[in-house]
Amino acid sequence: MFERRDVLKAGIGAIAAGIVAAPARAEDAGQAAPASGAKPAPFSRDMVVELARALAAKPFAPPRTDLPEPFANLTYEQFVGIKTKPDAAIWRHDAIGFSIEPLHRGHIFAAAVDIYLVENGAAARLPYETSRFDYGGLNLPDALPDLSFSGFRVLHTQNGGGEAELAIFQGASFYRAVARGQNLGVTARGLSIRTADPRGEEFPAFRSFWIEKPALGDNALVVHALLDSPSVAGVYRFTLRPGEATLIDTELTLYPRTAVDHFGLAGFAAVSFFTPLDTPKLDDWRPMVADINGIQMLTGHGEWLWRPVSNRETLQFSSFVDGNPQGFGSLIRQRDIGDYEDDQQHWERRPSLWIEPLGEWSEGALQLVEIPSESEINANIVAYWRPKTALVAGKETFFAYRQFWCWEPPSRPPLAIAARARSGRAPSGKLRRFVVVFSGDVLADPQRTAQLKAALTTSPGLATNIRTYLNPSAKSCRVVFDVDPAGENYCELRLVLQSDERPISETWLYRWTS
């Protein structure tokens with residue numbers, strides 16, 4: 001057992017040189033990482049905390065990004081052609097349920113990231129070795145410096161004995177995960193700073209990772225990370241638990257260099273190229289291209305909100321003010337291939353991401369940014385929780401939350417949900433017609449639907465021709481209405497099914513824009 005003082009003394013001395021004093025030139029990378037051939041150093045989370053405090057006390061130094069040939073100007077095809085060799089994955093033959101594939105640098109992932117493997121309380125830096133990779137036909141020089149990595153992929157052993165991708169940490173503070181049987185989709189973000197802010201966005205980045213080797217039977221992987229940016233340094237602890245849903249518990253402490261009045265927690269980004277709610281922008285055989293159908297939120301007061309998202313003509317900002325939210329996330333509700341008709345991308349297999357704050361998050365707002373996009377590869381829907389209280393320079397701040405990467409979120413409205421919606425030009429030509437379909441067991445109960453009505457508000461504009469079509473046998477209710485924008489180029493819509501003046505559905509929100 002290592003005492004805390006021994007860990008801090010030995011661990012920081014062995015590791016800090018490769019992080020705090022990272023070189024600016026790739027050709028010096030070999031001297032920048034003395035731990036690559038050194039003995040393992042004692043490790044604890046306290047050591048990472050001290051490194052973050054040391055970083056925050058000094059001016060920001062960007063990570064090295066330059067690369068030697070042939071990696072300096074890789075095309076996308078050349079970059080994805082570099083793969084970790086199957087037998088080079090860390091712990092693949094140790095029968096512990098997890099293995100790690102270090103990821104090569106290049107293309108848009110040029111920033112160097114150090115990876116440390118933690119075993120029996122000691123950390124050893126993972127050196128870059130050409131023998132780990134298949135370079136896909138690239139001509140390599142006779143010798144290369146230690147390039148570090150761009151991130152890593154986590155593989156998990158399946159019940160049948162094979163391995164499947166569980167998560168990937170790569171690029172700035174981005175990471176993704178999947179549940180069993182899913183494809184990668186929505187991207188999470190460790191920290192957002194001034195997202196879509198006129199002052200300019202700042203992109204914090206993970207500089208180093210410490211990956212603890214799990215014991216046999218743990219079924220959990222613990223990853224520590226050191227984050228840095230011009231404004232903030234930080235320490236993260238991720239605990240990954242695979243299953244029907246993949247859980248990631250995130251604990252973070254931020255160490256601001258400067259005051260930060262616009263930052264985001266538990267952020268994520270996803271694709272919404274076109275949906276049945278959008279005005280068609282192109283001739284496409286597919287009815288929908290999106291790995292997010294909408295934002296779900298359970299407010300601190302217990303109201304369930306559902307906000308479909310769209311690919312807008314102009315940049316759109318929405319803010320859902322709340323205190324101590326109980327949960328929010330990016331959801332996919334359309335799970336049939338017929339909703340997408342895409343046999344290659346399989347959008348219906350992308351994960352939903354549900355987030356539950358741990359502890360008090362106080363006042364703030366869920367911020368939604370909808371960005372115009374001309375391509376289905378762009379993650380144009382961005383959301384994050386923005387605390388009302390700013391970060392104060394020199395004041396440590398702690399947050400924690402749990403992510404569920406899942407087919408269905410663990411928390412669901414005990415009401416009817418807005419299963420789908422579409423819009424288009426009304427027969428009159430001047431109005432916009434909407435069809436919102438609610439579904440749920442409550443809609444099959446004649447007593448609870450005896451006084452059914454659609455409570456709809458618009459601002460600005462006017463809603464007309466509001467009709468409800470209840471189908472108890474299908475447990476559904478269609479609400480059809482027309483909107484007259486009254487000359488405005490936007491209209492905020494709010495719809496909830498009520499019976500006897502009480503809600504029997506979640507609240508459907510949408511912003512129509514011309």
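**Salt bridges and cysteines**

Guide: A network of salt bridges links Arg92, Glu101, Arg153, Glu163 and Glu165. Keep in mind that the model is predicted.

Visitor: Take Glu101 and Arg92. How far apart are the closest N and O atoms?
Guide: They are 3.6 Å apart, and the two residues form a salt bridge.

Visitor: Is Glu101 buried or exposed?
Guide: Glu101 is buried, at 11% relative accessibility. Arg92 is partly exposed, with a relative accessible area of 22%.

Visitor: OK, what about Glu506, which side chain does it meet in a salt bridge?
Guide: Arg333, at 2.7 Å from N to O.

Visitor: And where do Glu506 and Arg333 lie?
Guide: Glu506 is in the loop between β33 (502-503) and β34 (507-513). Arg333 is in the loop between β22 (327-331) and β23 (352-357). So the pair ties together parts that are 173 residues apart in sequence. Both Glu506 and Arg333 are buried.

Visitor: Now Arg349 and Glu348. What's the N to O distance?
Guide: It is 3.9 Å, again a salt bridge between side chains. Glu348 is buried at 6% relative accessibility. Arg349 is partly exposed, at 34%.

Visitor: How many salt bridges does the count come to?
Guide: The count comes to 36 salt bridges.

Visitor: Switching topic. How many disulfides?
Guide: The count is 0 disulfides.

Visitor: Are Cys477 and Cys491 buried or exposed?
Guide: Cys477 is buried, at 0% relative accessibility. Cys491 is buried too, with a relative accessible area of 0%.

Terms used
Residues numbered from 1 in each chain as written. Predicted model: local features only at pLDDT ≥ 70, side-chain atom pairs only at ≥ 80, totals over all residues. Heavy atoms only, no water. Disulfide = S-S within 2.5 Å. Buried < 20%, exposed > 50% of the residue type's maximum accessible area, 1.4 Å probe, protein only. Salt bridge = Lys/Arg side-chain N within 4 Å of Asp/Glu carboxyl O. Helix = DSSP H or I, 4+ residues; strand = E, 2+ residues; numbered from the N terminus.
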